[in-house]
Amino acid sequence: VQLQASGGGLVQPGGSLRLSCAASGRTPSSYVMGWFRQAPEKEREFVAGITSGGTAMYGDSVKGRFTISRDNAKRTVSLQMNNLKPEDTAVYYCAVNPNIMSILPKSYYYWGQGTLVTVSS
């Protein structure tokens, strides 16, 4: 499975960005697609995940601000990020987990290359 993420950039506090990720290659019949982020000198953090059936889970720091969505036919996942804060600055990674929903990075077998989101005035 190959994952290609896009949509990062520089945005002012309070602004919005939309990240997208497309999967290619041989994907499992059922899988979770997730977003993680990693800021400098911090551990990789779960942001959001969504099952094939559309059940979503969010990290506490982004609840109410971020929305994850998925198109199973196109094998894409998107992350709409609103009301962005400077602490949201990080490299964002999309990932695929062939098993049940998990917030642990080790549960995700396939990773995209990451896209940088910078929130700054």
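1. Arg 37 is buried, at a relative accessible area of 5%; buried denotes under 20% relative accessible area, exposed over 50% and partly exposed in between, with a 1.4 Å probe and protein chains only. This residue belongs to strand E4, residues 32–38.

2. The model is predicted: local features need pLDDT of at least 70, side-chain atom pairs count only at pLDDT 80 or more, and totals for chains, interfaces and linings use all residues. Residues are numbered from 1 along each chain as its sequence is written, and side-chain values use heavy atoms, with hydrogens and water left out.

3. The side chain of Arg 37 forms a polar contact of 2.9 Å with that of Asp 88, and another, also given as 2.9 Å, with that of Tyr 92. A polar contact is a pair of N or O atoms within 3.5 Å; within protein, one must be able to donate a hydrogen and the other to accept it, and residues adjacent in sequence count only if both atoms are side-chain atoms.

4. Leaving aside residues up to four places away in sequence, Arg 37 touches, among others, Glu 43, Glu 45, Val 62, Phe 66 and Glu 87. Contact requires heavy atoms within 4.5 Å.

5. The protein chain contains eleven strands and zero helices. Both are DSSP runs numbered from the N terminus: helices (H or I) of at least four residues, strands (E) of at least two.

6. Of the 121 residues in the protein chain, 40% are buried. Among contacts between residues at least 6 apart in sequence, 56% join residues at least 24 apart.
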